[in-house]
Amino acid sequence: MNLLSVENLSKSFGAKVLFEKISFGINRGDKVALIAKNGAGKSTLINIIKGKEIGDEGNVVLRKNLIISFLEQEPDFDQEKTVQQTVVDSKNRITEVIEQFNIYSEKAYTDHSDHVLNRLEELTTQMSDLNAWDYENKLKEILFRLKIVNFEQKIKELSGGQQKRVALARVLINEPELLIMDEPTNHLDVEMIEWLEHYLHNREISLLLVTHDRYFLDEVCNKIIEIDNHKLYSYNGGFHYYLEKKGEREMSEASELEKAKNLYRRELEWVRKSPRARGTKQKARTDAFTDVEEKAKGKKADVKVELNVKVTRLGGKILEMVNLKKAWGDKVILNGFSYTFKKGEKIGIVGKNGTGKTTLLNIILEKESYDAGKVVTGDTIVYGYYSQSGMIMKEDKRVIELVKDIAEFIPLADGSKLSATQLLSRFNFPPEVQFGFVSKLSGGEKRRLYLMTILITNPNFLILDEPTNDLDIATLQILEEFLQDYQGCILIVSHDRYFMDKLVDHVFAFEGNGVIKDFPGSYSEYREWKDEEEKKESLRQAQSDKEIVKPVEVVEKKEEVKIVPVVESEKKKISFKEKFELETLEKDMAALEKEKKETEEKMNGELPHDKLAELSKRYSEINSLLEEKTFRWMELSE
């Protein structure tokens, strides 16, 4: 069944053409990824589908009564509402049926008329059809998976990343027929991304997805559409299939383009002779010249980001960390960590939020002190730090001016030099963009400019904190090629598993409580090893449980004594006592989250050492209690 049809849609902004006469459809069960370079029109296409913008020509047709939800990169919420109000307040078919069911359930106590009872029966059927009986538990499970545990917290108190996760929870719990998502993996850690992959993969839901996360795309989507050179191309498969077929298409187009150029040269020479005879044959040939010219000039060669800047010479001693220790009160961040970097190493850092990843980067960059141990940095080290927060750019400054403030000329690896203008052109910033204001750049263009400003300082030790956010796939592929050939050291913090797997030699896995596992291999290899270790631990636990002496019942028969294990009957429903415990846990967790936030705010202020130690101890206790209560809540919910 067709849910969405886009027919011959075109859109331009002045002289800039985004796409021309593109057509595609989404049927029930399709999970479609939309790929395009930054500035090619992905967001504009989504806005046209939403009705926020209008195409120059063509149509967008949605099936009548289609239930559709959108996940935007920047959600617009009522800042005074709580998390639960924000998620549940989005009127959807499930909440409406639940509300009606509650109303008629109340009525049925006093009104036994056929109308009320029949309506209640209809609503009961609808509740079953929509799987609405455990709606509240599903809602809370999704929020917990996305690390949103205080349902009574106001939206204004959440960070931008937390608000994005609340928006994600809202669209997931609505269970629409068609879900359109713009970069859903931004602000999620790897554990959350893997959970979301599994959730979407196993749901009968139709998707239109804009993402640069190639593993996520490959796991979730069964179809890819790409906007390239104003046209739309469709591929019925995952990311690897797309790469293969796109390569074949571009080779074919390159061959046809070369033929067209040769024909164009011959026809141009003939037209320039301006033949006086204008018979039918000559006139037809003159008219056909226009078609040949369009074909020869129609496909522009892709301008690739060339990252061949010079790298400062790296000496024998690079960076050595010896028995590093760091703690915030009772919370241990580093507990005797040691490592000596070798030339050309590429190391990935993974771990849950709050385990100390950023602290380690700050210690290396001398932005933060450590409690014990030693850090020895080589004399030749030049750090290049690409932070997640990005570069603070003056919006009223021109792009070319921003680059010239760093360097007028940039040395390249081959010994030559480039002017700031030439370098910007190599980074795919055309003249009209170079002399435009920073405020006119897209999010992806600003990230690319930020990356360029780091590389032109000739660093030999790159520290990259979430470098893949807001970069299109084409730029990511070029960045990967550069980093694979990079002669210096690289330290990468990223949730993009594809990016990590292509680059890193081994992984620093932050496992909590100051434990850092130095794993020799890629992220995927580490994940496989971790899964195997967890399975072994589960088997050991199961074996241990079997060895525990269980209550027995002694049954005498003649002179034999038979031992019969007492088997408890399986509980099919939650008891009243457990239900009360569940509700109490929710209140306790909300109170602990509030206390945790207040404690964090106090710890950030100027306090005497003894008071800070006291708060740190309480902070550690709160985290332990939250973890314990969350585990019990999940146990009861299941």
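A crossing of two helices counts as right-handed if the near helix is turned clockwise from the far one by less than a right angle. Keep that in mind for the first stop on this tour of a predicted model.

**Stop 1**

Select helix α5 (residues 135–145) and helix α6 (residues 160–174). Their crossing is right-handed. The two helices pack at an angle of about 150 degrees, with their axes 10 Å apart. To see what makes the contact, show side chains for Y135, K138, L139, I142 and L143 of α5, and for A169, L172 and I173 of α6.

**Stop 1: the largest nonpolar core**

Stay with α6 for a moment. Which residues touch the most other members of the largest nonpolar core? They are L168, L172 and L200, in a core of 68 residues. Helix α6 gives the most to this core, with seven residues. Centre the view on L168 and you will find that it touches L71, L146, M181, P184, L188 and L196, leaving aside residues up to four places away in sequence. Apart from this core lies another, of 45 residues, with V350, M452, L455 and L503 among them. V350 will come up again below.

**Stop 2: the six-stranded sheet**

Now colour the open sheet whose six strands run in the order β14-β17-β18-β12-β19-β20, with mixed pairing. Its edges are β14 (383–386) and β20 (515–519); each has a single partner strand, so one side of each is left without a neighbour in the sheet. Direction ignored, neighbouring strands are turned by 15 degrees against each other on average.

Pick Y383 and look across to its bridge partner in β17, F461.

Next, move to β12 (residues 346–351). Is this strand mostly covered or mostly uncovered? It is mostly covered, with five of its six residues buried. On one pairing, β12 meets β18 (residues 489–493) in the parallel sense over four bridges; select I347 and its bridge partner in β18, L491. β12 also pairs with β19 (residues 506–512), again in the parallel sense, over five bridges. Here V350, the residue listed in the 45-residue core, stands opposite A509 of β19.

**Stop 4**

**Stop 3: helix α3**

Select residues 93–110, helix α3. How far apart are its end C-alpha atoms? They are 27 Å apart, which agrees with the 26 Å that 18 residues should span at 1.5 Å a residue. Its buried residues are I94, T95, V97, I98, F101, Y104 and A108.

**Zooming out**

Finally, show the whole protein, with its 20 helices and 22 strands. Of its 638 residues, 43% count as buried. Among contacts with a separation of 6 or more, 67% are between residues 24 or more positions apart.

How values were computed:
Residues are numbered from 1 along each chain as its sequence is written. This is a predicted model: local features need pLDDT of at least 70, side-chain atom pairs count only at pLDDT 80 or more; totals for chains, interfaces and linings use all residues. Side-chain values use heavy atoms; hydrogens and water are left out. The expected span of a helix is 1.5 Å times one less than its number of residues. Buried means under 20% relative accessible area, exposed over 50%, partly exposed in between (1.4 Å probe, protein chains only). Two strands pair if DSSP finds at least two bridges between them. Axes are lines fitted to C-alpha atoms, for helices over the stretch in contact, and angles run from 0 to 180 degrees between N-to-C directions. A nonpolar core is a set of buried Ala, Val, Leu, Ile, Met, Phe, Trp, Tyr and Cys residues joined through side-chain atoms within 4.5 Å. Contact means heavy atoms within 4.5 Å.
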